[in-house]
Amino acid sequence: MVLEEFLAEWRNSSSKILVHTSGSTGTPKPLWVEKNRMKASAQLTCNFLGLKADDTALLCMPLDYIAGKMMVVRALVQQMRLISVEPSSRPLRDLQSSPDFAAMVPMQVYESLKYPHDASLLKNIKHLIIGGGAIDKELAAKLKTFPYAVWSTYGMTETLSHIALRRLNGDDASDWYMPFENVSIRIAADGCLCIHAPLVCAEDIKTNDRAEISSDGCRFRIIGRKDNVIDSGGIKIQIEKLEQRLKTYIDHSFLITKCNDAKFGEAVVLMVAINNKDSKVTVSTFKDICQKHLSKYCRPKHILFIQEIPLTGTGKIARSKAEDIANEMLKGE
């Protein structure tokens, strides 16, 4: 979808608009959402960040998904000047000055930091929000020195983008997300986060994110996805924690997934993206890393080499597809 198509859809007589979920844990699903609720979501973000009329806002994510659509709506609601660029890993490459406000996925931030021109512009964005994936410790460390506010977002298509932010730099940097005004949270019996956001959601939402709430009851932090738990012989292993543990030691793109296992029910699988130039890299290379840095029960039973990490249209790891690939590659073993 191009910007003109979305604007025409936004301005038509229908009170609703079609969006699609990201598909990180399965097939993307269509969802009809109310335009008035999208406006309310946009206003919550603009109020929280202090965005104002005539600020420049960068659109650098696909308009097929809620993140891109909401950047346009925020610009319309707050009368900001929208700068639209082709979605890519380097959205700042062709700009000459920094926008006042931008929303990016971690991959775009990571790639922008590699190039002096891009990095300089990135550091001078006055309001930078990052969502659509986890921010690892290495990237977080680089963002700590940024002079302007950098935020990690929490939300999903069903909440019309984010409903909470946490600061990544400055004196207010924190692991805890602060929900917007009129948003309340609780933890369900299975440990997953529940969201009450009446301005943007007609009904309360029970997420698949395992979380904990701060002692004051006002903030929360994410432990990992409920469906990203590997139950191997009764030992429950959180995929995100395992990936975070290995990031320091593995230079290649990789992910942790699971496969069916006759003995343990499920087994840990390490999938590493290897190209033809890495012909000297062997399974033993990664087996040694895991042996040294992971506990016995968390070590991968299988290490698989693939051409590239499967991603969704929004740049998230396609977890369901990765699991399917692992089971297919290990069929018959």
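Here are some notes on the predicted model above, from its sheet to a few side-chain contacts.

1. Strands β5 (residues 101–104) and β6 (residues 127–130) run parallel and are joined by 4 bridges.

2. **Ser 152.** Is Ser 152 buried or exposed? This residue of strand β7 (residues 149–156) has a relative accessible area of 3%, under the 20% limit, so Ser 152 counts as buried. The side chain of Ser 152 makes a polar contact of 2.9 Å with that of Tyr 177. Leaving aside residues up to four places away in sequence, Ser 152 touches Ile 130, Ile 135, Ala 164, Leu 165, Arg 166, Leu 168 and Tyr 177.

3. **Aromatic pairs.** The model has 7 aromatic pairs. One of them is Phe 48 with Phe 180, a tilted pair at 5.2 Å centre to centre with 50° between the planes. Which parts of the chain does this pair bring together? Phe 48 belongs to helix α2 (residues 35–49) and Phe 180 to the loop between β9 and β10 (184–187), so the pair ties together parts that are 132 residues apart in sequence.

4. **The two rings and their cluster.** Phe 48 is partly exposed, with 31% relative accessibility, whereas Phe 180 is buried at a relative accessible area of 2%. Together with Trp 151, Phe 48 and Phe 180 form one aromatic cluster.

5. **Charges over rings.** Two further side-chain arrangements may interest you. Arg 90 lies over the face of Tyr 115, at 3.6 Å from the ring centre. For Lys 126, the charged end sits over the ring of Tyr 148, at 5.5 Å from its centre.

How values were computed. Residues are numbered from 1 along each chain as its sequence is written. This is a predicted model: local features need pLDDT of at least 70, side-chain atom pairs count only at pLDDT 80 or more; totals for chains, interfaces and linings use all residues. Side-chain values use heavy atoms; hydrogens and water are left out. Two strands pair if DSSP finds at least two bridges between them. Helices (H or I, at least four residues) and strands (E, at least two) are DSSP runs, numbered from the N terminus. Buried means under 20% relative accessible area, exposed over 50%, partly exposed in between (1.4 Å probe, protein chains only). A polar contact is a pair of N or O atoms within 3.5 Å; within protein, one must be able to donate a hydrogen and the other to accept it, and residues adjacent in sequence count only if both atoms are side-chain atoms. Contact means heavy atoms within 4.5 Å. Rings of Phe, Tyr and Trp (its six-membered ring) pair if their centres lie within 6.5 Å; planes under 30 degrees apart count as stacked, over 60 as edge-to-face and the rest as tilted. A charge sits over a ring if NZ of Lys or CZ of Arg is within 6 Å of the ring centre and within 35 degrees of the ring normal.
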